[in-house]
Amino acid sequence: MADTSFDIVIVGGGPGGYVAAIRAAQLGLKTAVVEREHLGGICLNWGCIPTKALLRSAEIYDYFGHADSFGLSVEKVGFDLAKVVKRSRGVASQLSKGVAHLLKKNKVTVFDGAGSLAGKGKLAVKATKGDDVTLEAKHIILATGARARQLPGLESDGKLIWSYKEAMVPDVMPKSLLVVGSGAIGIEFASFFRSMGAEVTVVEVLDRVLPVEDADISAFAKKQFEKRGIKCLTKAQVKGLKKGKDNVTATIEAGGKSQELTVDRVIMAVGITGNVENLGLDKTGVEVDRAHIVIDEWCRTGEPGVYAIGDVAGPPWLAHKASHEGVMCVERIAGVKGLHPMDVTKIPGCTYCNPQVASVGYTEAVAKEKGHKVKVGKFPFIGNGKAIALGEPEGLVKTVFDAETGELLGAHMIGAEVTELIQGYVIARQVEATELDLMHTVFPHPTLSEMMHESVLDAYGRAIHF
């Protein structure tokens, strides 16, 4: 008989759940994870990781396209879609197995199945294989993640109208593609398929692409996307999708006018909705608001002993946010001292399109809305020696400071490798660095990171190279 009594049981083995489980085990808590599908969750299996593998293939393919500018010659450039997808799936599989190893190493018990609350301190597990079981635990953490949001009448069918899952394992390379939604997921797929040769149109209901980003970054991004041949329709809505034998005709409304666009495939990327169904929440104090579980600053729900973390608990829908919540939640349960509630303004967001986009903290507009008097610095990639040497002169770094205190309120970047660079500003916000701290920091030369320094200097009229 398997042991069914634990200190903590976590429902969901994604980046929130498995990280929480490992940290709980490190703290000496007897821990179990219930996972119905794949360890590593959507992120490792159908999200963050495999999409980056696809985008890496696209990036290299792009480089082949302008090899001559580097003094190189490449002949008969092409790609094998099946191999591109196979590599992506292989990367995902490797990491999922790695999660299983880490859980085993930390003596976390894994139950394969779907869990639902079954009374105080109890979780019923409907086993994927074998017998069902009821687990007992003082603390139950719901980390069930989220899935693609579906719009009535525009639902994905897995064949002509894709969700992110079908887009990640395409059986054909479409010659033309419509992407509905210009958030991180939509833009990453638009970037990938454009690099691989598809004619791509992006439709966004709001007034700009990447609408959560700073307005300057969104405007720069749109210009770069259009330069690459991606057509961006903003303030536009897809009113209908008519499926043909091997294509889809979309009715798009913008500016009071309607147009039809026929494409090989459509990708729906209009957000996500939390996996709150079949968790046994109806007879508990757990509150659900717009398909997400309501929590307090310590991830506690309205039901004593029940917690929620990650995507199911609401935005920002990011793997690293889920992991941080998981660690914070179990440390709070274990009585670790000196904890602080999570500050979402210190969580970076990254979009791995071409060019990359990354940000942390307030946009200039939000900072002003919150009553800050601001100083803004900007520095272009064209002023950086390393960027020019890399052949990546298109980009921008923008910093926003409180004019009175010198606090770094936000940082926003677009260009090569900014998803790696952003962490410098994340640390600055975490340690509450001021403009003087950043000005007096010595940045290595020649690096892209020098632009981060120059942007800070520019906010105070001290930029050297621009």
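Which residues make a nonpolar surface patch of about 380 Å²? I60, Y63, F64, V74 and V77 do. Before going on, some ground rules: this is a predicted model, where local features need pLDDT of at least 70, side-chain atom pairs count only at pLDDT 80 or more, and totals for chains, interfaces and linings use all residues. Residues are numbered from 1 along each chain as its sequence is written, and side-chain values use heavy atoms, with hydrogens and water left out.

Back to the patch. Patch members have over 30% relative accessible area and no salt bridge; nonpolar side chains (Val, Leu, Ile, Met, Phe, Trp, Tyr) are joined within 5 Å, and like charges within 9 Å. A salt bridge here is a side-chain nitrogen of Lys or Arg within 4 Å of a carboxyl oxygen of Asp or Glu. The areas come from the Shrake-Rupley method with a 1.4 Å probe, and for residues only the protein chains shown count as cover. F64 sits in helix 3 (residues 48-65); helices (H or I, at least four residues) and strands (E, at least two) are DSSP runs numbered from the N terminus. F64 counts as partly exposed, because its relative accessibility is 39%. On this scale, buried means under 20% relative accessible area, exposed means over 50%, and partly exposed lies in between (1.4 Å probe, protein chains only).

Now look at helix 6 (residues 184-195). Ten of the twelve residues in helix 6 are buried, among them E188, R194 and F192. After helix 6 comes G197, with a positive phi near 110°.

The structure holds seven aromatic pairs, where rings of Phe, Tyr and Trp (its six-membered ring) pair if their centres lie within 6.5 Å; planes under 30 degrees apart are stacked, over 60 edge-to-face, and the rest tilted. One of the pairs is W162 with F193, tilted, at 6.0 Å centre to centre and 40° between the planes. Since W162 belongs to strand 7 (residues 161-162) and F193 to helix 6, this pair ties together parts that are 31 residues apart in sequence. Both W162 and F193 are buried. F189 and F193 have ring centres 6.5 Å apart and planes at 35°, so that pair is tilted. These two lie four residues apart in helix 6, about one turn of the helix. Ring pairs link W162, F189, F192 and F193 into a cluster.

Two arginines meet tryptophan rings in another way. The charged end of R89 sits over the ring of W46, 3.9 Å from its centre, and the charged end of R332 sits over the ring of W298, 4.2 Å from its centre. The test asks for NZ of Lys or CZ of Arg within 6 Å of the ring centre and within 35 degrees of the ring normal.

Finally, the backbone. The peptide bond from P315 to P316 is cis, with omega near -5°, and P316 lies in the loop between strand 18 (306-308) and helix 8 (319-334). Another cis bond runs from N354 to P355, with omega near 5°. E417 isn't a glycine, yet has a positive phi of about 60°; E417 is partly exposed, at 33% relative accessible area.
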